[in-house]
Amino acid sequence: MSLDPNLPPSEIENLLAEDRTFPPDPDFTAQANATVDLYAQAEADPEAFWAALARERIDWAEDFHTTLEWDLPFARWFIGGKLNIAYNCVDRHVERGLGDKVAYHWIGEPGDTRRITFADLQREVSRAANALIELGITTGDRVAIYMPMIPELPIAMLACARIGAPHTVVFGGFSAEALSDRINDAEAKLVITADGGWRRGKPAALKPAVDDALAMTTSVTHTLVVRRVGDAVDGGTAMVEGRDVWWHDIVDRQDDRHDPVPLDSEHMLYLLYTSGTTAKPKGIMHTTAGYLLGTSFTHEQIFDIKPDDVYWCAADVGWVTGHSYIVYGPLANATTSILYEGTPDTPDWSRWWQIIEDYKVSILYCAPTAIRAHMKQGPQYAQAHDLSTLRVLGSVGEPINPEAWLWYHEHIGGGRAPIVDTWWQTETGMIMITPLPGVTTTKPGSATFPFPGVGADVVDGEGNPVPLGSGGYLVLTRPWPAMLRGIYGDPERYRQTYWSRFPGMYFAGDGARRDADGYLWLLGRVDDVMNVSGHRISTIEVESALVDHKAVAEAAVVGKTDPITGQAIFAFVIPKVGVEANDALAAELRNHVAKAIGPIAKPKFLMFTPDLPKTRSGKIMRRLLRDIGEGRQLGDTTTLADGGVVEAIRASSGSAEE
Ligand code: PRX
């Protein structure tokens, strides 16, 4: 793995210039779920801390006998325990009299709505579980889910969890090729999908991508298709006889009772694929009990969840944020959530604020990229709505710049609501570094401190903790309940990727700085992973998509700072001899990447160049390309094999897509 310790200096200066602090409001503290003693309590004996919480918060079919078995880097939590996570998220609330409480207020982009109570959810999930069984799915079979943000998405996940069939949700914006790769790696037997979804005022078909994906796979026996857009999609939806089944044909006629299957604590709950430093996405494995505990406890403490809150995590369920903080965490806490199908700008930029006013949303959790997109439009949309119900605001997915933090605080939180900037990853399953509202004095742009019980540190290249006021690499120093259990089918890659850089410590791939007060400031990735709108995209994945095109000889990809999306993809492309490098080819290459990976991976900037800067051993020096992309002064060029190459690139022409 290549590491680049040269964190962008301008970013560090920006962060350090921000020295305002926001102490908690005493009124908030007086009613807060979190208390300052949690830290000491957890630190005294982390295992005992988690064990007590596991017994208190989870309904077990059988108690566990051992809290943790830590065979570095392989962890097993709550050994001997049996439980069902769908039961913990749904049935137990109904049994305790919360059947009429709303689990999801769903809002379709065109304006249609559904109100789903916990009792509704219990019936729907049971029917779906019975349908899965009819389709031949049993405990242990993998199910791929490729859906828009409709209620059947969490229902499908919970139905899988109920019978112990690990799901792998693939974000609906990914291409057929990306979907087929994931189906193949997981050897999924079933794909649950929809005919399409609504996006920016138009129906967007989804099922054709499944058909294309299935032409490249062999493990799938059936697809289960929700009818969402119906005849609005051109030509209707083609169904393959004997393979494709409409959801309404099979699920609706099932018995609405199903006994949840008690499963081992370490039973695999799901796989979620994420980009790393190679072309092949990794199947991150999460299991049942530790994940349930980690997500539900952090959700309750960090968002200060109370029984009458209306909580909205505006992520897509296709990412880990949606898994942990739209589905499992909130449902385990019997929380009422908003589930919104569409984009924030449809029909105009008031959409989110209208939803908050209409549903009296009290907690909002979103990505800095969304905040910056709203900022760009101006505060007038938010100001025209009553946002006074908001009492906690969250941020996730990328570093939040102090300017966006302050805008969020002032224009959305009315200067009142505490902001929790939460750092975590697909791999961590749960939030790891965050303020606790009512407890922590915040600083705009800092994720502050590790959550109680979590061990985190910032180390130098040799793995030694850096002193206060210095930067280095973020590491996690002890196992935590919701941690990944490995990479599906590749234990060695798991060890190599996360546990070999600093022996005994989990290397997150992020740079971080600890200020003079010990606050943590996340500084972005230090490996070959970009973060575009809070989504992880590997430079190498985009490069392999580019070189896969017949006109391309070589390609190098870097992230370039972007005012809205955090980073934007910048591709340097060497065309093959005899190929004319023009705007039409640039457009074709961009579309080629979108088709191979998905529109989120489409390069915003593409530059044709005669050569790439390489070291004498032939390694592309992305650091120099980043400098060129940013228009910065070049860093050290002494290791370049050919000193003239940078000038040649600078003289090349680029094209940007708006
Ligand atoms: O670089 C960090 C960034 O997002 C990466 C994890 O991406 P993913 O697995 O897709 O999960 C995103 C949602 C949890 C991290 O390695 N990141 C996430 N949250 C923050 C962040 N960077 C800075 N501040 C954050 N709050």
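## About the model

Because the model is predicted, local features need pLDDT of at least 70 and side-chain atom pairs count only at pLDDT 80 or more, while totals for chains, interfaces and linings use all residues. Residues are numbered from 1 along each chain as its sequence is written, and side-chain values use heavy atoms, with hydrogens and water left out.

## The overall build

Let's start with the whole protein. It has 21 helices and 31 strands; helices (H or I, at least four residues) and strands (E, at least two) are DSSP runs, numbered from the N terminus. The radius of gyration, taken over C-alpha atoms, is 24 Å, close to the 26 Å that the globule rule gives for 658 residues, so the protein is as compact as a globular protein of that length. That rule is 2.2 Å times the number of residues to the power 0.38.

The C-alpha trace spans about 75 × 60 × 55 Å along its principal axes. Of the 658 residues, 62% count as buried, meaning under 20% relative accessible area, with exposed being over 50% and partly exposed in between (1.4 Å probe, protein chains only). Among contacts with a separation of 6 or more, 71% come from residues 24 or more positions apart; contact means heavy atoms within 4.5 Å.

## Two packed helices

Next, look at helix α5 (residues 85-98) and helix α6 (residues 118-134), which pack at an angle of about 140° with their axes 9 Å apart. The two are therefore oblique to each other, a word for angles that are not under 35 degrees (roughly parallel), over 145 (roughly antiparallel) or 65 to 115 (roughly perpendicular).

On the α5 side, Cys89, Val90, Asp91, His93, Val94 and Leu98 make the contact, and α6 brings Phe118, Ala119, Leu121 and Gln122. These residues divide into 7 nonpolar, 2 polar and 1 charged. Here Ala, Val, Leu, Ile, Met, Phe, Trp, Tyr, Cys and Pro count as nonpolar, Asp, Glu, Lys and Arg as charged, and the others, Gly among them, as polar.

Gly80 sits in the loop between β2 (74-79) and β3 (82-83) and is partly exposed, at 24% relative accessible area. Beyond its neighbours within four places in sequence, Gly80 touches Glu62, Asp63, Phe64 and His65. Pro26 is 54 residues from Gly80 in sequence and 43 Å from it in space, C-alpha to C-alpha.

Asp627 belongs to helix α20 (residues 622-630) and is buried, with a relative accessible area of 6%. Leaving out neighbours within four places in sequence, Asp627 is in contact with Arg632, Gln633, Leu634 and Gly635.

Methods
Axes fitted to C-alpha atoms, helices over the stretch in contact; angles between N-to-C directions.
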